[in-house]
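I opened my notebook to look up a ligand and its surroundings. Here is what I was looking at.

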Amino acid sequence: MKRILLSLLVPLCLSLCLSAYAADDLMSRANKLFKPIPTKAPSLKGNPATAAKLELGAKLFFDPRLSSSQLISCNTCHNVGLAGADLQETSTGHGWQKGPRNSPTVFNAVFDAAQFWDGRAKDLQTQAKGPVQAAVEMNSNPELVVKTLKSIPGYAPLFKAAFPGATDPITFDNMAKAIEVFEATLLTPNSPFDRFLKGDAAALNAKEKRGLRIFMDKGCAPCHAGTNVGGADYYPFGVRETPTTEIRPAGDTGRFMVTNTESDRYVFKAPSLRNVAVTQPYFHSGKVWKLQEAVTVMGSAQLGVKLKEGEVADTVAFLKTLTGRQPRLSYPLLPAGSDETPHPQL
Ligand code: HEM
Ligand code: HEM
C-alpha cells in the first residue's frame, strides 16, 4: 500500500515542482523583458503636473472648439470610452475626410519613446499641436485656437491657475502642455499580465502562459518589450516578407517621410500592444480587424514563419492579458462661449 502511495505521490510532487519551476522561470524571463504599467502618471520633462493643469488639460481634450468645425475634439478619434481609439480603419476628421492612418490609442502613450506611427513628434506636448492644425483632423491653426480660447470667459481663470506667473497664459504651447499632463494620466494598470509580472503566477492561465512563451521564444519580444510591450523603436514593416499592399499601402513610406533616409522606407514604430485586444483594427492602415490575423501577419512579415493555428490562438490569449484597468472619467463641463467666440467653420 505504502509503495503504491509512494509511486503515485512521487511523480505528482515532481510534476508540481516542475510546473512551479517552469512558472517561476517564465516569470523571471518575462520580468527581464517587460515592466508593469505604473498606477501613477510619470513626471514630464519641463512640464511638472499640477491639479490645475490636469483639470484644464481634461477640458481641452474634450473640447471640440479646438477644431475649426467645433465638432471634433481629441476624444473624437481617441475616445476614452473605447480604449482611447476610434474603431475606424483610418480616422475621419474635418469635413468627413479620411486620414491616411489608423488612430493609435492615447492610453499609456506617455511611455512610448516618440509619438505617431513614424515617431515624428518627440513627446505628447509636441504631438498635441499636430492634430489641431492637420487639415484632415481638426483643421484649425494656433491663432484661431488662441482667439477661441480667449473668447471663452471660463478658460481665463483655468489657464491662470495652471500657468501661474505667466503674463499671457492662454497660448497654443500652454494648451499643449495642459493636454500632455492630462494624457499622462490615461494609464491602464493592473492587467492580468501586470499582476503576473508582479508575482501572481495564477494571473495567467496555462494557455496564456503558453502564449507568453511563444511571444518570447519566437522573437516578438525584441520589438515589443518594455512597459508598453512596444512603442520603443522603429522597424521595417516587412522584415522577412512584404505584406500585401492592402495592409501596407505603397504610398505610406513611414519613417522615410520623416528622415528621407533610404533604409527608413516602410519603417514604422512597433506599436505598444497594451490593450491591443480592444483597439482593433490593426496596423497603420487599419486593414486587419482580427487579432489572430494580425499575429499571423507579424509571424510571416517580421519573422518569416508560418505560425500554427494553436500557436496563434495561444499568442492571442496572451495578448488579451494586456488589457488593463481602463481609466474611469466623467465628461467635463466645458465653459460657455461669448459673443466674441468665432463661429464654426464647416
Ligand atoms: C496620433 C493625441 C486629435 C487621429 C496621436 C497620438 C497621440 C494623439 C498622443 C500618438 C499616439 C502614438 O503614436 O501611439 C491627440 C490629441 C488630440 C488628437 C491630444 C487633440 C488635440 C486627433 C483627432 C484625430 C486624430 C481629432 C482624428 C481626426 C490620430 C491619428 C494618429 C494620431 C490618425 C496617427 C497619425 C500618424 O501616426 O501619422 N494622437 N490626438 N487625433 N491621432 Fe490623435
Ligand atoms: C504591429 C504583434 C513581431 C514590429 C503589430 C501588431 C501586433 C503585433 C498585434 C498590430 C498592433 C496595432 O496595430 O495596434 C506581434 C507579434 C509578433 C510580432 C505577436 C511575433 C509573432 C514583431 C517583430 C517586429 C515587429 C519581430 C520587428 C522586427 C512591428 C511593427 C508594427 C507591428 C513595426 C507596426 C506595423 C505597421 O502597422 O506599420 N505587432 N508582433 N513585430 N509590429 Fe509586431
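Entry one: the shell. I counted 22 residues around ligand 2. The closest are Cys220, Cys223, His224, His284 and Met298. I kept in mind that this is a predicted model.

I then sorted the shell by residue type. I got 16 nonpolar residues, five polar and one charged.

Entry two: the iron. Which protein atoms are donors to the iron atom of ligand 2? I found NE2 of His224 and SD of Met298, lying 2.1 to 2.3 Å from the iron. Next I looked up the angles. The iron has six donor atoms, and the angles among them run from 88 to 179°. The site is octahedral. For comparison, I noted that ideal octahedral angles are 90 or 180 degrees.

His224 is in the loop between helix H9 (206–217) and strand E1 (234–236), and Met298 is in helix H11 (residues 291–303), so the pair ties together parts 74 residues apart in sequence.

Met298 is at 25%, so I logged Met298 as partly exposed.

A polar side-chain atom of His224 lies 2.9 Å from a nitrogen atom of ligand 2. His284 places a polar side-chain atom 2.6 Å from an oxygen atom of the ligand. For Phe283 I found a backbone N or O atom 2.7 Å from an oxygen atom of ligand 2.

Last, I checked the elements. Strand E2 (267–269) and H11 each give two or more residues to the shell. H11 gives the most, with four residues.

Note on methods:
Residues are numbered from 1 along each chain as its sequence is written. Chains are lettered from A and ligands numbered from 1 in the order in which they are written. This is a predicted model: local features need pLDDT of at least 70, side-chain atom pairs count only at pLDDT 80 or more; totals for chains, interfaces and linings use all residues. Side-chain values use heavy atoms; hydrogens and water are left out. Donors are N, O and S atoms within 2.8 Å of the metal (3.2 Å for Na, K and Ca); water is not among the atoms, so sites may look incomplete. Four donors count as tetrahedral if all angles lie between 85 and 135 degrees; four count as square planar and six as octahedral if opposite donors are over 155 degrees apart and all others between 65 and 115; anything else is irregular. Buried means under 20% relative accessible area, exposed over 50%, partly exposed in between (1.4 Å probe, protein chains only). A residue is near a molecule or strand if one of its heavy atoms lies within 4 Å of it. A polar contact is a pair of N or O atoms within 3.5 Å; within protein, one must be able to donate a hydrogen and the other to accept it, and residues adjacent in sequence count only if both atoms are side-chain atoms. Ala, Val, Leu, Ile, Met, Phe, Trp, Tyr, Cys and Pro count as nonpolar, Asp, Glu, Lys and Arg as charged, and the others, Gly among them, as polar.
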